[in-house]
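Here is a short note for a colleague who will be working from the coordinates. Please read it with the structure open.

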Amino acid sequence: MAKVLMKGNEAVGAAAIKAGCKYFFGYPITPQNEIPEYMSRELPKIGGVFLQAESEIAAINMVYGASGAGARVMTSSSSPGIALKQEGISYIAGAELPCVIVNMMRGGPGLGGIQPSQADYFQATRGGGNGDYRHIVYAPSSIQETVDIMMESFDVAEMYRIPVMVLGDGMIGQMMEAVEFHEPKKRELQEKTWATDGTKGKRKPNIINSLFLDPQECENHNIRLEEKHKIISEKEVRYEAEGIEDADVVCVAYGTTSRIVKNAIVECKKEGIKVGIIRPITLWPFPMEIFDKINKNAKGVLTVEMSMGQMIDDVKIAVNGRFPVHFVGRSGGMVPTPANVIDSIKNIAGGVK
Amino acid sequence: MAKGKVKFNEDICKGCELCIIACPQKIIALDEEKINAKGFHPAHLVNEDACIGCGNCAIMCPDSVIEVERI
Amino acid sequence: MTVVYKKSEGLTDLQLHYCPGCTHGIIHKLVAEVMVELGVLGDAIGVAPVGCSVLAYNYLNCDMHEAAHGRAPAVATGVKRVRPENVVFTYQGDGDLASIGTAEVVHAAHRGEKITTIFVNNAIYGMTGGQMAPTTLIGQKATTAPYGRDEAHCGKPLKISEMIATIDGAKFVERVSVHNPANIRKAKKAIKKAFECQLKGEGFALVEVLSTCPTNWGKTPIDALKWLEENMIPYYPLKNFRNFGEVK
C-alpha cells in the first residue's frame with residue numbers, strides 16, 4: 001500500500017470513510033475545520049451525507065438520531081465545541097448508541113486560543129455530561145496512529161454500543177505526515193436489531209431512550225452500563241511502554257507531547273540517565289497496571305502534558321504512592337520543549353551521574 | 001330509536017368531562033354511583049335512545065375511552 | 001353496524017399518564033390516526049423530547065427516539081438523513097420548541113428538512129409544574145410569573161407559526177386547536193397535510209396545536225377549554241400560514 005502525505009484533519013476524514021462512515025454532522029471551529037470540509041467534498045461522492053449543523057449541540061443530536069437509526073456516524077470539533085456536545089454525549093452513552101467523536105484540542109479555558117493543547121483531559125475522561133457514564137478515549141500521537149485508530153473506532157463503538165472519542169490536538173490536526181490505510185482487525189459485530197428503521201408492522205417498536213423515571217430501573221441501567229465499562233477496561237486498554245523496568249525516571253505522556261518526551265529521553269541517555277516512558281493510547285480506560293512494572297528503585301515519575309496538569313491525577317492513582325510524581329507542562333497552546341523535559345528529568349534523577 | 005351505540009372503557013376514564021360538553025345531545029354524565037380503578041366517576045350515557053352516533057364524544061376523549069358504532 | 005370511532009392502532013395499549021382533560025391525549029390520537037390512514041405507521045420514526053409528552057415514545061405505536069430538551073428537530077434531521085424513505089416526525093411542547101429548542105426548529109425549517117413537527121402550545125411548562133413559557137400570555141400567571149407575564153419584563157409571547165412561516169424551507173405551517181370536536185377535525189386535516197408535505201418531499205412542515213393544561217392553569221378541564229378559546233385564540237389566530245406556495 002503506497003503511503004500518502006496527508007494533513008491530519010483530512011486523514012481523519014479519509015480513514016472514517018474507509019471504515020464505512022457515511023454520515024457526518026459538524027460545525028466550523030479551528031483547528032479542526034478541514035475535517036468537515038473534507039467530508040463535505042468526499043461523502044456526497046459515496047452516497048453519504050455531510051450536514052453542517054446550526055451548532056455543535058445540534059450536530060451531536062443529529063449524531064444521536066443518525067446512530068439510533070442504525071448508521072455509522074461521526075462528528076468532530078475542538079474543545080469549546082466539544083464542551084457544547086457534552087449533554088448529547090451523555091444521552092448517547094445513556095441510550096447505548098455507537099458513534100465517533102473527534103476532538104482536536106485547543107488552548108482553553110473559555111475561548112482560549114487555537115494552538116494545540118491537552119487541557120480537555122478531564123472533560124474527555126471524567127465526562128463533561130451528567131451521570132455515571134463513560135466513553136472510550138483514544139489519544140493518537142501521529143497521523144498514522146490517528147488513521148489506524150479512526151479505522152478501528154467505528155467497530156469498537158458498535159461492538160460495545162458506546163461513544164468513542166478520538167482526542168487529537170491542533171498539531172495532529174494541522175501536521176502533514178505520510179500515512180497508509182490498513183484494514184483494522186476483524187471484530188464480531190452484532191446486527192443492529194435495536195435501530196429505528198420502521199416497524200413495517202413486523203416487530204414491536206424500537207425505542208432509543210435514556211429516560212428511566214423509575215429509580216430502580218435507572219439504577220439497573222447504570223449497573224448494566226458499568227458491566228460494559230468493566231469489560232472494556234479489561235479488553236481495550238492500550239499503551240506503549242519502553243525502558244521502564246530499569247529506569248531512573250519514568251515519563252508519562254500521550255499524544256504529540258510523548259514525541260517531545262522521546263527526544264528528551266534520547267538526550268538523557270547520552271548523559272547516562274536511564275529514562276523510561278509510558279504512553280497511554282487509551283486515556284479511558286487508563287492503563288493502570290503497567291505502572292506496576294516500573295523499576296522499584298526509580299527516583300520518580302514525571303508527567304508531561306500540554307496543560308496545567310490533568311492526567312497527573314490518573315498517574316498518581318496508578319502510582320499509588322510508590323514514587324514521587326512530578327509534573328512539567330505548558331498550557332494555552334504553548335508546546336513543551338525537550339529542554340523543559342530534560343531539566344525536569346535531571347532534577348528528579350538527582351543531577352548528572 | 002338510538003342511531004348510535006356507545007361503549008365506555010370505564011376503567012381508564014379520568015372523569016375529565018370533555019365528552020359531556022362535546023355531546024350535542026347532552027346525554028353523557030359522570031356515573032356518581034360508580035368509582036373506577038383510578039378513583040374517578042366514569043362517564044356513561046344517561047339516555048341511550050337519544051344517541052345519534054355522531055362520535056363527538058369519542059373524538060373529544062383524550063384517553064380513547066369511548067367507542068361509537070352507528071346502528 | 002358501522003364503526004364511527006374506535007381507538008387507533010397507531011396507539012399502544014398503554015394508558016396515558018396525562019392529567020385528566022389534558023388535550024395532549026387528543027393530539028396523540030390525531031397523529032396516530034393520521035399515520036394509520038396514510039399507511040405509514042410501519043415507516044414512522046418519531047422523536048419525543050423532554051416535556052409532558054416525552055412519554056409519547058411509549059404511547060405512539062411506531063419506532064421512537066427520546067431526545068434532549070429542545071433538540072428533537074436535530075435528532076429528527078439525523079434520522080431523516082439516514083432514512084429518507086421513512087416518515088420522521090417530532091412531537092414537541094412549547095417549553096421545548098419555543099424556548100430551548102428555537103434554534104433547532106428554525107434551522108430544520110431553514111434547511112427545508114423533510115420532517116413533520118407537531119408543536120403543542122399550552123402556554124406553560126407542564127411537566128415541571130407550571131412555569132412561564134415563551135408562549136405564556138400577557139397577564140397569565142405561572143409559578144415563575146406569579147404577578148402575571150409582564151411585557152416590560154420579558155416581552156410578548158412568541159408566535160412560532162408566524163415566525164416559522166417566514167422561512168422558505170417551511171412549506172406547510174398551520175395553527176389549529178383541539179378545544180372542541182369541530183376544531184379537532186380541522187386539526188386532524190392539518191396534521192394529515194403536514195405528513196403529506198413530507199411524503200411529497202416538499203420540505204419542512206409544522207402544525208402548532210393550541211392545547212390546554214388544566215392542572216397548571218388551575219382550571220377544570222372544561223374551563224380550560226373555554227380559557228383557551230377566549231384567551232389563546234385571539235392572540236394565536238387559527239389559520240394556515242404556508243400551504244406549499246411562496247412565502248407571502
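The points below cover confidence first, then chain B.

1. Confidence. This is a predicted model. The overall scores are ipTM 0.95 and pTM 0.96. For chain C, the average pLDDT is 97. There, 100% of the residues score at least 70.

2. Secondary structure. Chain B holds four strands and two helices. Their order along the sequence is β-α-β-β-α-β.

3. Chain B has a radius of gyration of 11 Å. The globule rule gives 11 Å for 71 residues, so chain B is as compact as a globular protein of that length.

4. Burial. What share of the 71 residues in chain B is buried? The figure is 52%. Buried here means under 20% relative accessible area, with the protein chains only as cover.

5. Contacts. Take the contacts in chain B with a separation of 6 or more. Of these, 64% come from residues 24 or more positions apart.

6. Charges. Chain B carries 8 positive and 11 negative charges.

Key
Residues are numbered from 1 along each chain as its sequence is written. Chains are lettered from A and ligands numbered from 1 in the order in which they are written. This is a predicted model: local features need pLDDT of at least 70, side-chain atom pairs count only at pLDDT 80 or more; totals for chains, interfaces and linings use all residues. Side-chain values use heavy atoms; hydrogens and water are left out. The radius of gyration is taken over C-alpha atoms; the globule rule is 2.2 Å times the number of residues to the power 0.38. Buried means under 20% relative accessible area, exposed over 50%, partly exposed in between (1.4 Å probe, protein chains only). Contact means heavy atoms within 4.5 Å. Lys and Arg count as positive and Asp and Glu as negative; His and the chain ends are not counted. The place of a charge is taken as NZ of Lys, CZ of Arg, CG of Asp or CD of Glu. pLDDT is the predictor's confidence in each residue, from 0 to 100.
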